[in-house]
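Me: I have a structure open and would like to go through it step by step. Can you help me read it?

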Amino acid sequence: MELHDFLRLAQRMLSRKQQRHLTQRQMATLIDISPRTYVEYVRGIHRPKGMHALLDLLCLLDQEDRDSLLKAWRSKRTRQDPSHSG
């Protein structure tokens, strides 16, 4: 799966979860990047190596470790910026 496919799938999943269509602009806001950058990722214009590396790392962990890692990340982000409480 290419990164742009992953982002499109994630956008559809979040839209379903929130029971409303999320625009690319809204997705960009959710992940704290510019709308232009998000569109370039989705179109496959840019392929950020850091994002690839992070996704590869997450794939190496089992589900319990991924959940633990993501909970720690969410907790830290929420303390730094309550708008990221997701």
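Reply: What follows is a short chat about this structure, which is a predicted model.

Me: What does the secondary structure of the protein chain come to?
Reply: The chain has five helices and zero strands. Along the sequence the pattern reads α-α-α-α-α.

Me: And the box its C-alpha atoms fill, what are the dimensions?
Reply: Roughly 30 × 30 × 25 Å, taken along the principal axes.

Me: How much of the chain is buried?
Reply: Buried residues are 20% of the 86 residues. The accessible surface is about 6800 Å², and 54% of that belongs to carbon and sulfur atoms.

Me: Take helix H3. Which of its residues are buried?
Reply: H3 covers residues 35–42, and its buried residues are Tyr 38, Val 39, Glu 40, Tyr 41 and Val 42.

Me: What do they pack against?
Reply: Helix H1 (3–18), helix H2 (24–30) and H4.

Me: What about Gly 44, what is its phi like?
Reply: Gly 44 follows H3, and its phi is positive, near 80 degrees.

Me: Back to Glu 40. Which residue does it form a salt bridge with?
Reply: Arg 36, with the closest N and O atoms 3.1 Å apart.

Me: Why does a spacing of three or four places matter in a helix?
Reply: An α-helix has 3.6 residues a turn, so residues three or four places apart point the same way.

Me: Are the two partners buried or exposed?
Reply: Glu 40 counts as buried because its relative accessibility is 16%, and the cut-off for buried is under 20%. Arg 36 counts as exposed, at 63%.

Me: How many salt bridges does the count come to?
Reply: Two salt bridges. Besides the one between Glu 40 and Arg 36, the side chains of Arg 8 and Asp 5 meet in a salt bridge at 3.8 Å, N to O. Arg 8 and Asp 5 are three residues apart in helix H1, which puts about one helical turn between them.

Me: And how exposed are Arg 8 and Asp 5?
Reply: Arg 8 is partly exposed, with a relative accessible area of 34%. Asp 5 is partly exposed too, at 31%.

Me: New topic. Which residues make the nonpolar surface patch?
Reply: Leu 54, Leu 57 and Leu 60 make a patch of about 320 Å². Leu 60 lies in helix H4, residues 49–60.

Me: Why does Leu 60 count as exposed?
Reply: Because its relative accessibility is 72%, and exposed means over 50%.

How values were computed: Residues are numbered from 1 along each chain as its sequence is written. This is a predicted model: local features need pLDDT of at least 70, side-chain atom pairs count only at pLDDT 80 or more; totals for chains, interfaces and linings use all residues. Side-chain values use heavy atoms; hydrogens and water are left out. Patches are made of residues with over 30% relative accessible area and no salt bridge: like charges are joined within 9 Å, nonpolar side chains (Val, Leu, Ile, Met, Phe, Trp, Tyr) within 5 Å. Accessible areas come from the Shrake-Rupley method with a 1.4 Å probe; for residues, only the protein chains shown count as cover. A salt bridge is a side-chain nitrogen of Lys or Arg within 4 Å of a carboxyl oxygen of Asp or Glu. Helices (H or I, at least four residues) and strands (E, at least two) are DSSP runs, numbered from the N terminus. Buried means under 20% relative accessible area, exposed over 50%, partly exposed in between (1.4 Å probe, protein chains only). Contact means heavy atoms within 4.5 Å.
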